[in-house]
Amino acid sequence: MAKRKRQLTEAKIEKMIKEGRGQGTGKDYLPWLKIQDVPSEGRATRGVGWTTGRRHELLSDTERDYCYLLDYADQVSDIREQFPLLPLEETLMIAEKIGVNHPRDPKTGVPIVMTTDFLITYGDKDVARTVKPFSEMEDERTIAKFEIERVYWETRHIDWGIIIDCDLPDVLIRNIEWVHKEYHNEDVSDLGVFTIRNLEQMLAARLDEGEAISKACLACDERLGLEVGTSLALFRHFVARKKWSVNMNERIIPTLPAKEFKIATPEYRLEAKGG
């Protein structure tokens with residue numbers, strides 16, 4: 001069942017600002033929009049990010065997929081989704097200046113606070129990115145809202161661009177998705193350094209010889225007396241942490257050998273990407 005969109009009022013906007021929506025950085029950032037605030041396009045997602053260490057409010061499959069890419073990129077140090085274009089008066093003024101209608105709540109008529117899907121800290125600068133399906137790229141109303149957004153960021157000297165769903169590298173994204181939840185793996189601390197090192201050495205040797213991932217992992221579970229699935233979860237963990245390297249541009253299939261497997265870092269480090 002589709003979610004009912006909440007009516008927007010000026011009081012609601014003021015409340016959201018007082019709550020700290022759209023403010024903060026890293027783990028302390030609060031997105032302007034949350035999943036329950038708007039109808040989602042596809043499967044809305046609240047996934048814990050590697051980069052920020054918090055749950056992201058992602059309103060569509062395409063936003064989720066793009067966030068996977070951002071999490072995987074070493075140069076990205078912060079991800080702020082559903083970033084508000086405030087103050088509201090500024091986007092109203094931009095809309096009037098360029099001759100387009102500013103978005104408004106269809107029931108109350110109150111001007112809506114526009115948002116950019118992602119404000120990304122990349123290296124030593126911020127970049128803004130809007131994520132859209134290809135099917136919306138020729139819609140005149142969508143293009144008009146893009147122009148408000150573009151001018152807003154241009155006045156702040158921040159690079160703004162559009163990410164189209166069909167341009168996203170699906171195989172890479174699906175591989176990142178497969179390893180993503182194992183980035184923080186409790187077995188690493190629960191098993192202890194000695195067991196983890198034994199598993200690393202044993203599993204790496206089998207993978208290096210071209211043994212299928214699932215077969216090598218099962219053999220390690222049996223040899224070390226671990227619950228079935230532990231070694232496979234740790235394989236995903238090591239790939240997510242980039243301790244182990246595989247060809248991420250070819251689909252990882254557990255019943256086959258790991259493509260271009262190699263140990264990327266000689267010593268395992270527990271700290272997170274942003275740590």
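Start with a group of charged residues. Select D61, R64, D65, D170, R174 and E177: a network of salt bridges links them. Keep in mind that this is a predicted model. Across it, the count of salt bridges comes to 19.

**Stop 1: R174**

Select R174, which sits in helix α5, residues 170-180. Is R174 buried or exposed? Its relative accessibility is 14%. Buried means under 20%, so R174 counts as buried. Now show what surrounds it. Apart from neighbours within four places in sequence, R174 is in contact with R64, D65, Y68 and R251.

**Stop 2: helix α2**

Next, select residues 61-72. This is helix α2, with 12 residues. From first C-alpha to last it reaches 17 Å, close to the 16 Å expected at 1.5 Å a residue. How many of its residues are buried? The count is 11 of the 12, so α2 is largely enclosed by the rest of the structure. Among the buried ones are R64, D65 and Y68, which are also contacts of R174.

**Stop 3: the sheet**

Move on to the strands. Four of them form an open sheet in the order β3-β4-β5-β6, and the pairing is mixed. Which strands stand at the edges? They are β3 (76-84) and β6 (159-164). Each has a single partner strand, so one side of each is left without a neighbour in the sheet. From one strand to the next, the twist averages 30°.

Zoom in on β4 (residues 115-122) and β5 (residues 125-132). These two run antiparallel and are joined by five bridges. Select I120 and look across to β5: V127 stands opposite.

Now bring α2 back into view. The helix packs on the sheet, touching β3, β4, β5 and β6. Its direction makes about 10° with that of β4.

**Stop 4: helix α4**

Select residues 140-154. Helix α4 lies across β3, β4, β5 and β6. It runs at about 145° to β6.

Show the side chains of E147 and R150. They form a salt bridge, with the closest N and O atoms 2.6 Å apart. Both residues lie in α4, three residues apart, about one turn of the helix.

How exposed is E147? At 29% relative accessibility, it counts as partly exposed. R150 has 29% and is partly exposed. E154, at 47%, is partly exposed as well.

**Stop 5**

Go back towards the start of the chain. Select D37 and R21. They form a salt bridge, the closest N and O atoms being 3.0 Å apart. Both lie in the loop between α1 (10-18) and β1 (45-48), so the pair ties together parts that are 16 residues apart in sequence. D37 and R21 are both buried.

**Stop 6: two annotated spans**

Finish with the record. Colour residues 74-163, which an unreviewed UniProt entry lists as "domain: TnsA endonuclease N-terminal". This span is 29% helix and 33% strand. Its end C-alpha atoms lie 19 Å apart.

Then colour residues 167-248. The unreviewed UniProt entry lists this stretch as "domain: TnsA endonuclease C-terminal". Here the chain is 67% helix and 2% strand, and the end C-alpha atoms are 17 Å apart.

Conventions:
Residues are numbered from 1 along each chain as its sequence is written. This is a predicted model: local features need pLDDT of at least 70, side-chain atom pairs count only at pLDDT 80 or more; totals for chains, interfaces and linings use all residues. Side-chain values use heavy atoms; hydrogens and water are left out. Helices (H or I, at least four residues) and strands (E, at least two) are DSSP runs, numbered from the N terminus. The expected span of a helix is 1.5 Å times one less than its number of residues. Buried means under 20% relative accessible area, exposed over 50%, partly exposed in between (1.4 Å probe, protein chains only). Contact means heavy atoms within 4.5 Å. UniProt positions are given in the numbering used here, feature names are shortened, and annotations may be inferred rather than shown by experiment. Two strands pair if DSSP finds at least two bridges between them. Axes are lines fitted to C-alpha atoms, for helices over the stretch in contact, and angles run from 0 to 180 degrees between N-to-C directions. A salt bridge is a side-chain nitrogen of Lys or Arg within 4 Å of a carboxyl oxygen of Asp or Glu.
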